Amino acid sequence: MKAKRILVAACLLFAWQAGPAHGAVAAGAAPGDEAVLGNDISWPQCGGSLPGPPAFAVVGVNGGRPDTVNPCLSSQLGWADRTSDAAAGTPAAVYVNTAATGPVESLWWPAGNPYQGNDVGNPYGACDGTASPACAYVHGYAMAFNDVVILKEAGDGAVRHMWWLDVETGNSWLWDKAANAAELEGMAAYLKSTGADVGIYSTAYQFGEIVGAISPGSNLSGLKSWLAGAESTPTAQELCGAAPLTPGGTVALTQFTDGDLDYNYRCPGAPAPAAPLPVPPPEPAPLDTHAAMHAAQIS
């Protein structure tokens, strides 16, 4: 999830490996500073040693792109559940990769509004299989549904009430920014329906290239922002003063990289981690363990 090092490439396909692009992590203390820092980890840290659990953590659910699985998800969630936040009763947050491909051969794209036996309530109307906002909304809803399935299949028993949508130009996006926004809106809609809090990880530049301006009526308005692009603890603290990614939002976290590990700073004045919400009625079970996992692997 090192967004500051990703070249802008908002083209349609094949630049899929977005997310934390780090190798093995050497155990050790955070960079010299008295600020309270957290870490985010995911598939690049598989097989490497991790530092002692920090104050808080964010764990990647996917393997760099939507509809894939972080192969170390279970063990990394276990590590994250030993953070100071988790010890105080707030389970670690998670993040998921996002993308909108449109109707591309070998990748699943919806042809209608139903998904897994449910008719997706769609503010954009009926999906007709095209690269439209209506279909992007259903696709986003489905990807978020699948991400919840992935977390459950990892044996996770905690209520992950904070979910971050990782929005980077390194994954595939449509030329239509309205459709890209609809993709994220569909994801946010499903996650919110489970009682989760939702935020967006990106940089102002990348988010602008992918989504552009968000209308006040969008369900992305008011979401927390996690901003990448800092280079140290002091610049991460300064980045807290930047504008949020969406109207009415709050910059809650900022990120910088030191060595092979991402560090995150919790901005003063940001809303405290929400208390776990009552668990809503369960969603219908998927037809098959990975029947919901439509997207084919890309070599």
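This is a predicted model: local features need pLDDT of at least 70, side-chain atom pairs count only at pLDDT 80 or more; totals for chains, interfaces and linings use all residues.

Reader: Is Asp176 buried, partly exposed or exposed?

Author: Buried means under 20% relative accessible area and exposed means over 50%, with partly exposed in between. Asp176 has a relative accessible area of 33%, so this residue is partly exposed.

Reader: Which backbone atom lies 3.0 Å from a polar atom of the side chain of Asp176?

Author: That atom is the backbone nitrogen of Ala178.

Reader: How is the length of a helix judged, taking helix H3 as the case?

Author: The span from the first C-alpha to the last is set beside the span expected at 1.5 Å a residue. Helix H3, residues 133–153, has 21 residues and reaches 30 Å, close to the expected 30 Å. Of these 21 residues, 18 are buried, and H3 is thus described as mostly covered. After H3 comes Gly155, with a positive phi near 80°.

Reader: How is a pair of aromatic rings described?

Author: Two values are used: the distance of the centres and the angle of the planes. A search of the whole structure finds 9 aromatic pairs. One of them is formed by Phe145 and Tyr190, with 5.5 Å centre to centre and 50° between the planes, and is tilted.

Reader: Which parts of the chain does the pair of Phe145 and Tyr190 tie together?

Author: Phe145 lies in helix H3 and Tyr190 in helix H4, so the pair ties together parts that are 45 residues apart in sequence. Phe145 counts as buried because its relative accessibility is 3%. Tyr190, at 2%, counts as buried too.

Reader: What is the geometry of the pair formed by Phe256 and Tyr263?

Author: Phe256 and Tyr263 are stacked, with 5.6 Å centre to centre and 20° between the planes. Phe256 has a relative accessible area of 2% and is buried, and Tyr263 counts as buried at 6%.

Reader: Which residues do ring pairs link into a cluster?

Author: The cluster consists of Trp108, Tyr115, Tyr141, Phe145 and Tyr190.

Reader: Which residue lies over the face of Phe56?

Author: Arg266 takes that place, at 4.2 Å from the ring centre of Phe56.

Notes:
Residues are numbered from 1 along each chain as its sequence is written. Side-chain values use heavy atoms; hydrogens and water are left out. Helices (H or I, at least four residues) and strands (E, at least two) are DSSP runs, numbered from the N terminus. The expected span of a helix is 1.5 Å times one less than its number of residues. Buried means under 20% relative accessible area, exposed over 50%, partly exposed in between (1.4 Å probe, protein chains only). A polar contact is a pair of N or O atoms within 3.5 Å; within protein, one must be able to donate a hydrogen and the other to accept it, and residues adjacent in sequence count only if both atoms are side-chain atoms. Rings of Phe, Tyr and Trp (its six-membered ring) pair if their centres lie within 6.5 Å; planes under 30 degrees apart count as stacked, over 60 as edge-to-face and the rest as tilted. A charge sits over a ring if NZ of Lys or CZ of Arg is within 6 Å of the ring centre and within 35 degrees of the ring normal.
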